[in-house]
Amino acid sequence: MMYESTASAIAFTRLQRMAGQILYVAAASALFAALQMHLDLAAHATGSILFGSLAGMYLALAQRGGRMRELELCEQSAPLYARELARAIALVPCLGVTTALAAYWLVTLISSGPSTLAAMPIFLSVACACAVSIVALCATVRAGVWQLSYLLLAAALAAIVAALEFPQPPAAFLFCAMAGFIGLRQYGEALARWNPVT
């Protein structure tokens with residue numbers, strides 16, 4: 001019970017700090033959907049995967065830095081294992097990209113009509129953006145070549161899912177789930193070794 005309340009407090013505090021950035025990303029996502037209003041479902045699906053992934057990388061990288069410095073110090077002293085801390089922090093960019101993609105698909109629904117939409121690309125774009133966000137989080141506790149490699153890995157994940165989307169949707173979902181799970185484990189292990197003071 002104590003772990004759950006601490007983890008939810010961490011996630012809620014980070015969401016409050018990032019509310020402006022999440023609204024900005026959601027507005028940009030809605031604008032991007034409006035610019036694509038005359039395209040077909042395949043173009044909307046690819047656009048939402050790629051834009052959602054970019055938004056996820058941005059929100060993940062915003063988890064570290066000057067505005068979150070005092071939160072990071074408090075979180076390191078919280079009665080929480082690194083894996084719980086990783087889950088709490090990963091929840092924030094995942095909720096952010098889900099909000100952004102909800103705005104994207106809502107604008108698409110309004111402009112194109114419900115007959116042109118399908119559930120598969122909507123859920124796949126959210127799954128891909130969340131997996132990319134979690135992989136990009138691993139870059140926030142690394143530096144140099146390792147940081148760049150995790151960012152490139154997150155971008156490659158989005159490109160692979162966009163390529164797998166229509167021929168093999170189950171494979172794309174499985175790939176996102178595996179990448180997200182492995183990324184979350186790697187992030188938790190990195191947090192256990194990471195010292196924010198240095």
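Phe51 counts as buried, with 19% relative accessibility, where buried means under 20% relative accessible area, exposed over 50% and partly exposed in between, computed with a 1.4 Å probe on protein chains only. The structure is a predicted model, in which local features need pLDDT of at least 70 and side-chain atom pairs count only at pLDDT 80 or more, while totals for chains, interfaces and linings use all residues. Residues are numbered from 1 along each chain as its sequence is written, and side-chain values use heavy atoms, with hydrogens and water left out.

The protein chain contains eight helices and zero strands, and its pattern along the sequence is α-α-α-α-α-α-α-α. Helices (H or I, at least four residues) and strands (E, at least two) are DSSP runs, numbered from the N terminus. Of the 198 residues of the chain, 46% count as buried. Among contacts with a separation of 6 or more, 83% involve residues 24 or more positions apart; contact means heavy atoms within 4.5 Å.

Phe51 lies in helix H3 (residues 41-61). Leaving out residues up to four places away in sequence, Phe51 touches Val25, Ala28, Ser29 and Phe32. The C-alpha atoms of Phe51 and Ala100 are 9.3 Å apart in space, although 49 residues separate the two in sequence.

Helix H2 (residues 19-35) has 17 residues, which at 1.5 Å a residue should span 24 Å, and the distance of 24 Å between its end C-alpha atoms agrees. The expected span of a helix is 1.5 Å times one less than its number of residues. The buried residues of H2 include Val25 and Ser29, both of which are in contact with Phe51. Gln21, Ile22, Ala26, Ala30 and Ala33 in H2 are buried as well. An α-helix has 3.6 residues a turn, so residues three or four places apart point the same way. Ala33 and Thr108 are 75 residues apart along the chain, yet their C-alpha atoms are separated by 6.0 Å. Thr108 is part of helix H5 and is buried, at 0% relative accessibility.

Helices H3 and H6 have axes that come within 8 Å and cross at roughly 25 degrees. Axes are lines fitted to C-alpha atoms, for helices over the stretch in contact, and angles run from 0 to 180 degrees between N-to-C directions. H3 and H6 are therefore roughly parallel to each other, given that angles under 35 degrees count as roughly parallel, over 145 as roughly antiparallel, 65 to 115 as roughly perpendicular and the rest as oblique. H3 passes H6 in a right-handed crossing; a crossing is right-handed if the near helix is turned clockwise from the far one by less than a right angle, and left-handed if anticlockwise. On the H3 side the contact includes Gly56 and Ala60, and on the H6 side it includes Val132 and Ser133. The residues of this contact divide into 13 nonpolar, six polar and no charged. Here Ala, Val, Leu, Ile, Met, Phe, Trp, Tyr, Cys and Pro count as nonpolar, Asp, Glu, Lys and Arg as charged, and the others, Gly among them, as polar.

Ser133 is located in helix H6 (residues 119-137) and is buried, with a relative accessible area of 0%. Apart from residues up to four places away in sequence, Ser133 touches Gly56, Ala60, Pro93 and Val97.

Helix H8 (residues 169-193) packs with helix H7 (residues 145-164) at an angle of about 165 degrees, with the axes 9 Å apart. H7 and H8 are therefore roughly antiparallel, and H7 passes H8 in a left-handed crossing. Tyr150, Leu157, Ile160, Val161 and Leu164 in H7 meet residues of H8 including Phe175, Cys176 and Ala179.

Residues of H5 including Leu85, Arg87 and Ile89 meet Leu184, Tyr187, Gly188, Leu191 and Ala192 in H8. The contact comprises nine nonpolar residues, one polar and one charged.

The 25 residues of H8 should span 36 Å at 1.5 Å a residue, which agrees with the 36 Å between its end C-alpha atoms. Its buried residues include Cys176 and Ala179, which take part in the contact with H7, and Tyr187, Gly188 and Leu191, which take part in the contact with H5.
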